[in-house]
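Please look through the structure shown here, and keep it in view while reading the briefing that follows.

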Amino acid sequence: MANYDEAILRSRTPQPSAPYPLLHQALRIALYDEYAARAFYQKVVESFGPQTPFANIVQAEEQHVAALGKLCERYGVPRPLDPYPAETTVAPTWRANLERGVAGEIANVQLYQRLLPLVAAADVQRVFFNLQSASQDNHLPAFQRALQGAVARESYHAAQGIPPNQAYVRHGPLTSVLEQGFSLLARQNGAFGLVGSLVRAAHPAMLAGLLAGGAAVHYLRQQDRNSPSQPSTQED
């Protein structure tokens with residue numbers, strides 16, 4: 001069953017000639033857009049596990065939907081039907097979904113930029129502004145940082161002949177953390193010189209083993225230094 005104003009909701013564009021007040025249209029459009037974001041982020045979590053930033057931001061989207069729903073109740077605006085859980089799909093790669101997240105948050109900021117001048121009610125303006133700020137100041141930077149990390153990680157693995165879809169295979173907690181760190185380190189070509197070149201050329205599992213072994217040696221040496229010295233015995 002479609003919404004009675006489906007064309008307006010899909011276009012995300014209020015129509016002054018439509019038989020609904022602009023406040024009515026703006027609230028339904030905003031809620032409809034938050035539905036779409038919530039469904040997409042939830043699908044990514046279902047497909048890739050509860051990884052940041054999707055796992056965190058999907059919770060924020062629930063709060064956005066709740067805030068707009070309260071405004072709909074206050075002003076007697078029917079909530080639109082939510083078709084997105086049934087029709088939303090995700091990209092096959094982590095990086096592609098991050099890119100879609102970046103684009104979606106930019107579009108959300110622009111949407112509220114268009115809707116804000118159309119509403120005069122102070123409480124609606126305040127909620128719209130807060131949701132826009134959350135997208136611009138929190139969600140968008142989180143997706144941009146994650147995308148930067150994904151690009152670095154894929155580039156690091158590509159230098160070793162590992163395809164992008166294998167860049168996120170988890171080899172254990174230590175190796176996964178080291179892979180992320182080395183991928184960022186390897187991007188600093190000028191700052192690390194030879195070290196950066198070696199890091200780019202080394203397999204992450206090998207580096208993890210080397211560091212784990214080095215840590216064990218360091219631990220044993222510390223234990224030896226901290227143990228009390230044994231007095232020498234001499235025969236009378």
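Is Phe128 buried or exposed? Phe128 is buried, since its relative accessible area is 0%, where buried means under 20% relative accessible area, exposed over 50% and partly exposed in between, with a 1.4 Å probe and protein chains only. The model is predicted, and for that reason local features need pLDDT of at least 70 and side-chain atom pairs count only at pLDDT 80 or more, while totals for chains, interfaces and linings use all residues. Residues are numbered from 1 along each chain as its sequence is written, and side-chain values use heavy atoms, with hydrogens and water left out.

**Aromatic rings**

- A search of the whole structure finds 10 aromatic pairs, a pair being rings of Phe, Tyr and Trp (its six-membered ring) with centres within 6.5 Å, called stacked if the planes are under 30 degrees apart, edge-to-face if over 60, and tilted for the rest.
- Tyr112 and Phe128 form a tilted pair, with 5.3 Å from centre to centre and 55° between the planes.
- Because Tyr112 lies in helix 5 (residues 94-115) and Phe128 in helix 6 (residues 122-158), this pair ties together parts that are 16 residues apart in sequence; helices (H or I, at least four residues) are DSSP runs, numbered from the N terminus.
- Tyr112 also counts as buried, at 0% relative accessibility.
- Elsewhere, ring pairs link Phe40, Tyr41, Phe48, Phe54, Trp94 and Phe143 into a cluster.
- The charged end of Arg100 sits over the ring of Phe40, 3.8 Å from its centre, a term that requires NZ of Lys or CZ of Arg within 6 Å of the ring centre and within 35 degrees of the ring normal.

**Helix 5 and helix 6**

- The axes of these two helices, which are lines fitted to C-alpha atoms over the stretch in contact, with angles from 0 to 180 degrees between N-to-C directions, come within 8 Å and cross at roughly 160°.
- Helix 5 and helix 6 are therefore roughly antiparallel to each other, as angles over 145 degrees count as roughly antiparallel, under 35 as roughly parallel, 65 to 115 as roughly perpendicular and the rest as oblique.

**Backbone in the loops**

- Most residues other than glycine have a negative phi, and most peptide bonds are trans.
- The peptide bond from Thr52 to Pro53 is cis, with omega near 0°, and Pro53 is placed in the loop between helix 2 (22-48) and helix 3 (54-74).
- Arg12, a residue other than glycine, has a positive phi near 60°.
- Arg12 is found in the loop between helix 1 (6-11) and helix 2, and is buried, with a relative accessible area of 15%.

How values were computed: Helices (H or I, at least four residues) and strands (E, at least two) are DSSP runs, numbered from the N terminus.
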